[in-house]
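Work through the exercises below with the sequence and the 3D view side by side. Try each task before you read its solution.

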Amino acid sequence: MSYRVAAVILAAGSGSRMKLGVTKQKILLGTESVLHRVVRIFNDCRVVNSIVVIVRADEVDFAKEELKNFDKVQKIAVGGDFRFESAKIGFSLIDENTDF
């Protein structure tokens, strides 16, 4: 049996505890941003069919540029003020035909 699997990636945090002056999503690990690396791993996962990425309002353009070549990214949306709100938004955007 084949299942449809979605991944919701919450990337809307401020990273304030790190005190780096940039959000964690933009930190480079080698030559790619943390956001790019996380999404790449899910995009390369054969069991994941679609990806929803939740970002900060001021990082939508950054996310669109970073993720433009990933075919499984179905939606990039702005998160809420709190993590649980961002999660709720992400889950609400998953295609209704998704099993997990």
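**Exercise 1: A strand and its neighbours**

Six bridges join strand 1 (residues 6–11) to strand 4, and the two run parallel. The model is predicted: local features need pLDDT of at least 70, side-chain atom pairs count only at pLDDT 80 or more, and totals for chains, interfaces and linings use all residues. Residues are numbered from 1 along each chain as its sequence is written, and side-chain values use heavy atoms, with hydrogens and water left out.

Task: Find the bridge partners of strand 4, then follow the chain to strand 5.

Solution. 
- Step 1. Strands (E, at least two residues) and helices (H or I, at least four) are DSSP runs, numbered from the N terminus. Two strands pair if DSSP finds at least two bridges between them.
- Step 2. Look towards strand 1. Ala 7 stands opposite Ile 51 of strand 4.
- Step 3. Look towards strand 5 (residues 73–78). Five bridges join it to strand 4, and the two run parallel. Ile 54 has Ala 77 as its bridge partner. Val 55 has Val 78.
- Step 4. Trace the path. From strand 4 the chain passes through helix 2 (residues 60–67) to strand 5, a right-handed β-α-β crossover. Right-handed means that, with the strands pointing away from the viewer, the path from the first strand over the helix to the second runs clockwise.

**Exercise 2: Buried or exposed?**

Task: Decide how well strand 4 (residues 50–55) is covered.

Solution. 
- Step 1. Set the cut-offs. Buried is under 20% relative accessible area, exposed is over 50%, and partly exposed lies in between (1.4 Å probe, protein chains only).
- Step 2. Count. Six of the six residues in strand 4 are buried.
- Step 3. Check each face. Ser 50, Val 52 and Ile 54 are buried on one side. Ile 51, Val 53 and Val 55 are buried on the other.
- Step 4. Ala 77 counts as buried, at 15% relative accessibility.
- Step 5. Of its 100 residues, 34% count as buried.

**Exercise 3: Salt bridges**

Solution. 
- Step 1. Apply the rule. A side-chain nitrogen of Lys or Arg must lie within 4 Å of a carboxyl oxygen of Asp or Glu.
- Step 2. Take Lys 26 and Glu 59, at 3.9 Å from N to O. This pair links distant parts of the chain, 33 residues apart. Lys 26 sits in the loop between strand 1 and strand 2 (28–29), and Glu 59 in the loop between strand 4 and helix 2. Lys 26 is partly exposed at 36%, whereas Glu 59 is buried at 4%.
- Step 3. Take Arg 56 and Asp 58, at 3.0 Å from N to O. Arg 56 is partly exposed at 24%. Asp 58 is exposed at 56%.
- Step 4. Look for shared partners. Salt bridges join Glu 32, Arg 37 and Arg 40 into one network. In it, Arg 40 and Glu 32 meet at 2.7 Å, N to O. Glu 32 is buried at 12%, and Arg 40 is partly exposed at 29%.

**Exercise 4: The whole chain**

Solution. 
- Step 1. Count three helices and five strands.
- Step 2. Read from the N terminus: β-β-β-α-β-α-β-α.
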